Amino acid sequence: MSILLWALVGFFVVLIAVILVYAHWIEPVMIQGRRYRFWHVDLPETLDGTRLLIFADLHLKGHGRIEARKIDRIIERSRALSGDVYLFLGDFIHDNAGLVGVKRLLSRLPAGPPRFAVLGNHDYVTYELNHIVTQLGPDLRADGSVQQRARRLVRRVYKIVHLFLALALDWPLRAPTRQNDTDELQRYLTSADVHVLRNTVVSWPENGDASLYFVGIDDVVEGTVTDLPALPPDTQFGILLTHNPDGLLLQDWDGVRLALAGHTHGGQMVLPLIGAVHSQGTHLGRRRAKGWQRSQGRWLFVTCGLGESFPFRFCCRPEMVQIELRRGSHPVTHRPAGWESVPEPAKG
Ligand SMILES: [Fe+2]
């Protein structure tokens, strides 16, 4: 092989190593704070300026330096952004050990604002992601008849093909699961003043002239969504909290002006030309794996979240989001630096 070819191979090996180091140790703690103003004519006047602070997909594991740094950053960001209401959009934990991390985080969060939450699929189960890889290896067992060995081979090939199709076509990834102690998690959340909404509607403030209505639903995949609530008929401004954006498809959400979701992690790895590697197989697809969008005739915001399901992030920084609710519509006459307005201000 010529020196040039060796140099090229060496360059790509070093490049991939640098990217992996960056994606595993650096980007996951580069938490950005993002601020938006969401304009809507139906927002009650007394609630104009209410700030929602959104935490999603924490995926806490309860150990490790990266997690400790991440919690520090989340606390810093939450102090810098601040909010009138804290909203948690599920996937507090990655597995049962993550409850320790949840306690570390919530005990340090600024007290005062009410805290509402929905649960995510990882709050119910741990996915054996290693199994997805190991099951693709060759089955070296030589026992069994020729037919049995042939069947095992066909099953392997099927799994490999299915995995590649799932990645290529953005289908949900299948992995064996272990049950998490969701009741223990919910007990702790309740003791930490986090109001967990499992197919429930709450109003805030309770005694105000006008209120926001939060409707929080259980996780679409691992929870129970057979008995969904409706907002009161006279609801002026309802907000749907759903871990999985597909919660928006479950029924016609009368009264909901804004839906908030996580789950996709924004794709978690965003590659040139390909875009988001995977959107968890939601109805949004990989092109709409994050950000503001119209879906089912409503405004939907999908956050990139704060944690990871597999331990890499690339070109998709974790984020903490503040949404300031504003009464009104276009045009936006004043737009301070650092704010993004939704809907976009009319041009001209
Ligand atoms: Fe998640």
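Visitor: How are α2 and α3 set to each other, roughly parallel or roughly perpendicular?
Guide: This is a predicted model. In it, the axes of α2 (residues 65-81) and α3 (residues 98-108) cross at roughly 25 degrees. Angles under 35 degrees count as roughly parallel, so α2 and α3 are roughly parallel to each other.

Visitor: Left-handed or right-handed crossing?
Guide: The crossing of α2 and α3 is right-handed.

Visitor: Which residues make the contact?
Guide: From α2 there are Glu67, Ile71, Ile74 and Ile75. The α3 side supplies Gly101, Arg104, Leu105 and Arg108.

Visitor: And by class, how many of each?
Guide: Four residues in the contact of α2 with α3 are nonpolar, three are charged and one is polar.

Visitor: Switching to the sheet. What is the strand order?
Guide: The order is β8-β9-β10-β11-β15-β14 in an open sheet of six strands, and the pairing is mixed.

Visitor: Which strands stand at the edges?
Guide: β8 (200-204) and β14 (291-295) do. Each has a single partner strand, so one side of each has no neighbour in the sheet.

Visitor: By how many degrees are neighbouring strands turned against each other?
Guide: On average 25 degrees for this sheet, with direction ignored.

Visitor: Take β9 and β10. In which sense do they pair, parallel or antiparallel?
Guide: β9 (residues 212-216) and β10 (residues 238-242) pair in the parallel sense, over four bridges.

Visitor: What is the bridge partner of Val215 in β10?
Guide: Leu240 is the bridge partner of Val215 there.

Terms used: Residues are numbered from 1 along each chain as its sequence is written. This is a predicted model: local features need pLDDT of at least 70, side-chain atom pairs count only at pLDDT 80 or more; totals for chains, interfaces and linings use all residues. Axes are lines fitted to C-alpha atoms, for helices over the stretch in contact, and angles run from 0 to 180 degrees between N-to-C directions. Helices (H or I, at least four residues) and strands (E, at least two) are DSSP runs, numbered from the N terminus. Angles under 35 degrees count as roughly parallel, over 145 as roughly antiparallel, 65 to 115 as roughly perpendicular and the rest as oblique. A crossing is left-handed if the near helix is turned anticlockwise from the far one by less than a right angle, and right-handed if clockwise. Two residues are in contact if their C-beta atoms, placed from the backbone, lie within 7 Å. Ala, Val, Leu, Ile, Met, Phe, Trp, Tyr, Cys and Pro count as nonpolar, Asp, Glu, Lys and Arg as charged, and the others, Gly among them, as polar. Two strands pair if DSSP finds at least two bridges between them.
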